[in-house]
Structure formats: C-alpha cells, structure tokens
Amino acid sequence: MVMSAEKPGPRTAADAADATGPASPRARMSLRERKKQLTYEAVSDAAIALFLERGFDKVSVAEIAAAADISKPTLFRYFPAKEDLALHRFADHVDESARVVAGRAEGESPLDALRRHYLDGLERRDPVTGLCDVPQVLAFHRLLYGTPSLVARLYAYQSRSEAALARALGDSVTDRLAAGQIVAVLRILSLENWQRISEGRSADQVYGDAVEAAEQGFAQLRSGLGDGR
C-alpha cells in the first residue's frame, strides 16, 4: 500500500506521548532500543527537512550527517541507502496489514478486518490512506511522488508488506497470491486519494468518494478471493 510518513518535521509533545503510551510498541522497548529508535527518528527528521527545503537530489549524505551531528559511517549504519532516510517512517507500516489480520476479532475474516481498518483510517484522515491534507504531509507526498528513486524504493517496502501479510494469512501459494492482490488494492486506493487532494480538493471533500472506492475495492477482492478470505 502507499504508506505515508507521519508529519515530516519537528515532533510535538503530543507526537511523543502517542509514541510512548502504554499501548505503543515503543513502551515495550528496552532503554537501549528506545535510544536507537530516537536516533533513527532524529536523523530521518533532519534529512527530510533538508529534502523538503532543497529537493532530494540536491542534498548530500554528508550534509545530512552534519545536520544530524553524526559521521557518515554512523549514518550508513542506521540507513543503508539515502532513500531510506526519507522512507524510514514507512518501516513502521510494513507489517501493519499483517498485524491487523493477526489481531482480528474472533469470527472476523482477514478481509473484513482489513476493510474495517482501512475505513477507520479514512475517517481519521490517516496519511497512510492518502486522505490527508495536512500541509506537512502534502509536502512530503510531493517530495515522494516527485522523486523517481524514492518511488522505486517505496516498492521494496511494499514488497515486504506483502510478504508479511502472506505469512499472517498462512504463507501458502494461495495466501501469497491473496496478499499481492490486497496490497495492490490498498496501494491504488491510497494513491487515488492522494492524487485527488494534490489537485486541490480537501480531505473532507474527497472522503465520500474515498469510502465508495474502498467499498468497491474490497468488494472486488471478496469476489475474487472468496468469502473465506
């Protein structure tokens, strides 16, 4: 799916509280893991700020390292590729669909759980759904979709998301085929939402069409995958 980042730029106190609340993954991290995660975020934030200001291709890794006050070798230990600096926050969403399937209610099918989760995301204007008109998110999306190397790298993240979902479904050939179809539908739905907003419509204006498109997408998945999926 098209996985947007959280708001690029400085984090607010509310962001920090959300990231460390009792139900968050970070709350279960060790102190060492939390420090490592904070370093990831600080370096990524510094990189994104530079990318938004000057463009991805015009910012060097050396400049990012200097802005984050670390050495280039240290930076590459955290981020193997320059593109990962911009897409770091997508890593949090790689196994999102798999987690939704694994955590679904008793008696709820995987497809019903994913549909419910996606519709809830639309209602919350989750950037992952593309239905978000927050200026910082719009700026990040313009950077992402306007940079071919970032789009190419994003497909690697989507492949990992597909593999994680396939494992959650059972990891048979049929499950892998289903995961590929589901991830493709989520990606197209989210991209459609972003494109409409990029044309100047607000998230509220697009919401109704986004819900209708999502229902159509999941109906097509259901007819193709069967009710048991």
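Predicted model: local features only at pLDDT ≥ 70, side-chain atom pairs only at ≥ 80, totals over all residues.
Visitor: Thanks! How many helices and strands does the protein have?
Guide: Helices (H or I, at least four residues) and strands (E, at least two) are DSSP runs, numbered from the N terminus. Read along the sequence, the pattern is α-α-α-α-α-α-α-α-α-α-α. The count is zero strands and eleven helices.

Visitor: What share of the residues is buried?
Guide: Buried means under 20% relative accessible area, exposed over 50%, and partly exposed in between (1.4 Å probe, protein chains only). Of the 229 residues in the protein, the buried ones make up 44%.

Visitor: And what share of the accessible surface belongs to carbon and sulfur atoms?
Guide: Accessible areas come from the Shrake-Rupley method with a 1.4 Å probe; for residues, only the protein chains shown count as cover. The accessible surface of the protein comes to about 11500 Å², and the part belonging to carbon and sulfur atoms is 52%.

Visitor: Of the contacts with a separation of 6 or more, what share comes from residues 24 or more positions apart?
Guide: A contact means heavy atoms within 4.5 Å. Among contacts in the protein with a separation of 6 or more, residues 24 or more positions apart account for 70%.

Visitor: Let's turn to aromatic residues. Why is the pair of F51 and F56 called tilted?
Guide: Rings of Phe, Tyr and Trp (its six-membered ring) pair if their centres lie within 6.5 Å; planes under 30 degrees apart count as stacked, over 60 as edge-to-face and the rest as tilted. By this rule the protein has five aromatic pairs. The ring centres of F51 and F56 are 4.8 Å apart and their planes stand at 55°, so the pair is tilted.

Visitor: Are F51 and F56 buried or exposed?
Guide: F51 has a relative accessible area of 1%. For F56 the relative accessibility is 4%. With buried meaning under 20%, F51 is buried, and F56 also counts as buried.

Visitor: Which lysine has its charged end over the ring of F56?
Guide: A charge sits over a ring if NZ of Lys or CZ of Arg is within 6 Å of the ring centre and within 35 degrees of the ring normal. Over the ring of F56, 4.4 Å from its centre, sits the charged end of K82.

Visitor: Which arginine lies over the face of Y157?
Guide: The distance to the ring centre of Y157 is 4.9 Å. The residue is R160.

Visitor: How many salt bridges are there, and which residue does R115 meet in one?
Guide: A salt bridge is a side-chain nitrogen of Lys or Arg within 4 Å of a carboxyl oxygen of Asp or Glu. By this rule the count comes to eleven. In one of them, at 2.8 Å from N to O, R115 meets E215.

Visitor: Where do R115 and E215 lie in the chain?
Guide: This pair links distant parts of the chain, 100 residues apart. R115 is in helix α7, and E215 is in helix α11.

Visitor: What separates D120 and R124 along their helix?
Guide: D120 and R124 form a salt bridge, with the closest N and O atoms 2.7 Å apart. Being four residues apart in helix α7, they are separated by about one helical turn.

Visitor: What does helix α10 reach from its first C-alpha to its last?
Guide: The expected span of a helix is 1.5 Å times one less than its number of residues. Helix α10 (residues 173–198) has 26 residues, and the expected value is 38 Å. The model is close to that, at 37 Å.

Visitor: Last one: which helices do the buried residues of α8 pack against?
Guide: The buried residues of α8 are V137, L138, F140, H141, L143 and L144. Their packing partners are α2 (31–54), α5 (82–87), α9 (148–169) and α10.

Notes:
Residues numbered from 1 in each chain as written. Heavy atoms only, no water.
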